[in-house]
Amino acid sequence: MKLPSHDAAARNPGDGGHRVHLPQFSAGPLRQVVRRLLLALLVLVLTVFIVYVDRTGYHDNADDNVDFLDAVYYSTVTLSTTGYGDIVPYSDSARLSNILLVTPLRVVFLIILVGTTLEVLAERTREQYRLNRWRSALRDHTVVVGFGTKGRSAVQTLCATGLPKNRVVVVDPNQKVIEAANADGFAGVVGDATRSDVLLRAEAQRARQFVIATQRDDTAVLVTLTARQLNRGANIVAAVREEENAPLLRQSGADAVITSASAAGRLLGMSVQSPTAGAVIEDLIQQGTGLDLVERTVVKAEVGKSVRDTDDLVVSVLRGHRLLAYDDPDASPLQAADRLITIVRAPMVQE
């Protein structure tokens, strides 16, 4: 199913306010209200039936005759405890049915109406409590701007590497996109991420990292600028369509820029020349299955050893701000502060 894009929805600001939407694990308040109203209607219909069946035992001060409309009228004013007294039960059977049947139904009817009001108020209170608790507990989370194909794939990859769903907040201006994110178990904020107040609702100032996956490069630049202004220390990864816009995104504060069109083109070209190599690369970038690329710290037992002496297949060594290839003479021996980019089996990542 193709979801509406981030930028297409930005042209439709009427799709919802700047609200936080948490995943729902129970029936919504509207469904509960409808269910209670149907139950109240059932009680009313049952009361009308009881009165109409025993209508000869009732007296109408207007014409001494109780018809179906009179039965509906009497049931309505009785259940609502109005009781005008113009229609009254006078036979023993009518009074007995009122004591044993109509009165309990009246109590049930009132419980339904009062309970519905209290339920709506309680639902709002619970939702506000959940929101406040969510805000207070949200730290070092991941903010994903745009939940289209790129954003959804990025979130799936992050979750496959062990990121809990409650540490992800999706920001998108389209209400339906946020509902789709909620259905997947992610919290969402409806709004334009180029605005600082929208990112603040996602607690951007306390986020650990941002994934910016908009459909337009200019939108990605504005979001990156806003995110960097709110959070100086977060890791920001952004996607652009055109490679010429990548330097602009880096200048805006992005730590890493992925050129989606060029990356797809390179993978296509590799697959043409070597379909097997293309399949391997696709397997490496798809976390959770087959082979995975993993960045990890150097363990104590590996310090001082050569890159080739490690248990994992090391591709590169990150030393400070330098990225060294596995065959670079400076990569060995390994140092305690190094980080290794390795290829491992997916089950090892899960463990």
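Which residues of helix α6 (residues 175-183) are buried? They are Gln175, Val177, Ile178, Ala180, Ala181 and Asn182, where buried means under 20% relative accessible area, exposed over 50% and partly exposed in between (1.4 Å probe, protein chains only). Helices (H or I, at least four residues) and strands (E, at least two) are DSSP runs, numbered from the N terminus.

## Model and confidence

This is a predicted model, in which local features need pLDDT of at least 70 and side-chain atom pairs count only at pLDDT 80 or more, while totals for chains, interfaces and linings use all residues. Residues are numbered from 1 along each chain as its sequence is written, and side-chain values use heavy atoms, with hydrogens and water left out.

The protein has a mean pLDDT (the predictor's confidence in each residue, from 0 to 100) of 80, and 81% of its residues reach 70 or more. For residues 1-16 the pLDDT is below 50; beyond near neighbours in sequence, this stretch has 31 contacts in the model, a contact being heavy atoms within 4.5 Å. Where pLDDT is low, the predicted coordinates should not be read in detail.

## Ends of helix α6

At the start of α6, the backbone nitrogen of Lys176 lies within 2.8 Å of a side-chain oxygen of Asn174. Just after the helix, Gly185 takes a positive phi of about 100°.

## Nonpolar cores

A nonpolar core is a set of buried Ala, Val, Leu, Ile, Met, Phe, Trp, Tyr and Cys residues joined through side-chain atoms within 4.5 Å. The largest one here has 30 residues, and those with the most contacts inside it are Trp134, Val143, Val145, Val171, Val189, Phe210 and Leu249. Helix α8 (residues 217-230) supplies the largest share of this core, four residues. A second, separate core has 12 residues, including Val144, Val155, Val170 and Phe186. In soluble globular proteins, nonpolar side chains tend to be buried together.

Leaving aside residues up to four places away in sequence, Phe210 touches Val143, Ala204, Ala227, Asn231, Ala234, Asn235, Ile236 and Val237.

## Aromatic pairs

Rings of Phe, Tyr and Trp (its six-membered ring) pair if their centres lie within 6.5 Å; planes under 30 degrees apart count as stacked, over 60 as edge-to-face and the rest as tilted. By this rule there are three aromatic pairs. One of them is edge-to-face because the ring centres of Tyr52 and Phe68 are 5.7 Å apart and the planes stand at 80°. Tyr52 lies in helix α2 (residues 29-53) and Phe68 in helix α3 (residues 68-79), so the pair ties together parts that are 16 residues apart in sequence. Tyr52 is partly exposed, with a relative accessible area of 30%.

The rings of Phe147 and Phe186 also form an edge-to-face pair, with centres 6.1 Å apart and planes at 65°. This pair links distant parts of the chain, 39 residues apart: Phe147 is in the loop between β4 (142-145) and α5 (149-160), and Phe186 is in the loop between α6 and β6 (187-190). Phe147 is buried at a relative accessible area of 1%, and Phe186 is buried at 5%.

## Arg296 and its strands

Two strands pair if DSSP finds at least two bridges between them. Strand β10 (residues 291-297) holds Arg296, and β10 pairs with strand β13 (residues 339-345) in the antiparallel sense over seven bridges. The bridge partner of Arg296 in β13 is Leu340. Strand β11 (residues 313-319) also pairs with β13 in the antiparallel sense, over five bridges, and Val317 stands opposite Leu340.

Arg296 is buried, with a relative accessible area of 18%. Its side chain makes a polar contact with the side chain of Asp312 at 3.0 Å. A polar contact is a pair of N or O atoms within 3.5 Å; within protein, one must be able to donate a hydrogen and the other to accept it, and residues adjacent in sequence count only if both atoms are side-chain atoms. Not counting residues up to four places away in sequence, Arg296 touches Glu302, Asp312, Arg339, Leu340 and Thr342.

## Backbone features in loops

A cis peptide bond, with omega of about 0°, joins Ser332 and Pro333. Pro333 lies in the loop between β12 (322-325) and β13.

Asp140 is not a glycine but has a positive phi of about 50°. Asp140 sits in the loop between α4 (92-137) and β4, and is partly exposed, with a relative accessible area of 44%. Glu203, also not a glycine, has a positive phi of about 55°. Glu203 is in the loop between α7 (196-201) and β7 (209-212), and is buried, with a relative accessible area of 7%.
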